[in-house]
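Me: I would like to learn to read salt bridges and backbone features in a model. Please take me through them one by one.

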Amino acid sequence: MHHSIPLLKRLYSTSSKNWMSRQAKDPYCKLAKANQYRARSAFKLIQINDKYRIIQRNDVVVDCGAAPGGWTQVAAEKVTKKGLVIGIDLLPVDPIPNAHLIRGNFMRLKTQNAIRALLDGRSVDLVCSDMAPSFSGNHTADHARSMELCESALTFAEKVLSPGGSFVAKFLMGGTEHEFRKRLQTMFAKVKTEKPDASRKQSTEGFFVALGYKPLPKKIAAESPAAVEDTATVESAATKEKSKETIMDMQSKSDM
């Protein structure tokens, strides 16, 4: 046992040095620092926006899984002062100009109600999610959890998106993302899957980009079983995830 401690220290030290070396060489880490973004992941949203123009002046944006704040920074810059940006995360996020920040579990009804209170009746132009599970080492399990987070973000988006609004969500590739894409295609005019250049090549992450939200007519939505059971679903998900709050940690911990 005594011999294993120095070995673990050496392994940890080597891993840390490799990580620091990779960060030092990463062009997006350098760009993030030069542009005062808190994480290299900011450029993923910038590149998606450059291609699809999902953020406009005066827009209302909800950023799920905001820490450390890179995506929220980008959105706040794009919408200008007449827009509204709300960032949510389990982890604390330092203040960002022109943005409102909520610390809480997005899966919980209490947190979603706090978002709605800040919206104050305004509809949302973009719901974006950079949420990812804390990695377990089991890719199948991590993929499944990432899809749960996508489902949660989309369920919330259905309630707040304006007609024609957009939805962006990170997922970990693993197979079942195709079923989620089919669901998006029933709700949006255009659905794409992207892997921005800023996304590390070895990463299994991808991003759903859904444009042109088509809300159900109110009568149909009211009669939909999903609408009837909506509150119970949110509460059930919150209870299920209560013991797993760390799944909201962002992958940007390894991307910063």
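This is a predicted model: local features need pLDDT of at least 70, side-chain atom pairs count only at pLDDT 80 or more; totals for chains, interfaces and linings use all residues.

Me: What counts as a salt bridge?
Reply: A side-chain nitrogen of Lys or Arg must lie within 4 Å of a carboxyl oxygen of Asp or Glu. This structure holds 10 salt bridges.

Me: Which parts of the chain does the pair of Lys-44 and Glu-205 link?
Reply: The closest N and O atoms of Lys-44 and Glu-205 are 2.8 Å apart. The pair links distant parts of the chain, with Lys-44 in helix α3 and Glu-205 in strand β7 (residues 205-213), 161 residues apart. Helices (H or I, at least four residues) and strands (E, at least two) are DSSP runs, numbered from the N terminus.

Me: Is Lys-44 buried or exposed?
Reply: Buried means under 20% relative accessible area, exposed over 50%, and partly exposed in between (1.4 Å probe, protein chains only). Lys-44 is buried because its relative accessible area is 0%. Glu-205 also counts as buried, at 0%.

Me: Where do Glu-151 and Arg-183 lie?
Reply: Their side chains meet in a salt bridge at 2.2 Å, N to O. Glu-151 lies in helix α6 (residues 139-160) and Arg-183 in helix α7 (residues 177-187), so the pair ties together parts 32 residues apart in sequence. Glu-151 is partly exposed at 31%, and Arg-183 is partly exposed at 26%.

Me: What does the side chain of Arg-40 contact?
Reply: A polar contact is a pair of N or O atoms within 3.5 Å; within protein, one must be able to donate a hydrogen and the other to accept it, and residues adjacent in sequence count only if both atoms are side-chain atoms. A polar atom of the Arg-40 side chain lies 2.8 Å from the backbone oxygen of Ala-198. Arg-40 sits in the loop between α2 and α3 and is buried, at 3%.

Me: Which residues does the cis peptide bond join?
Reply: Ala-67 and Pro-68, with omega about 5°. Pro-68 is in the loop between β1 (60-64) and α4 (70-79).

Note on methods
Residues are numbered from 1 along each chain as its sequence is written. Side-chain values use heavy atoms; hydrogens and water are left out.
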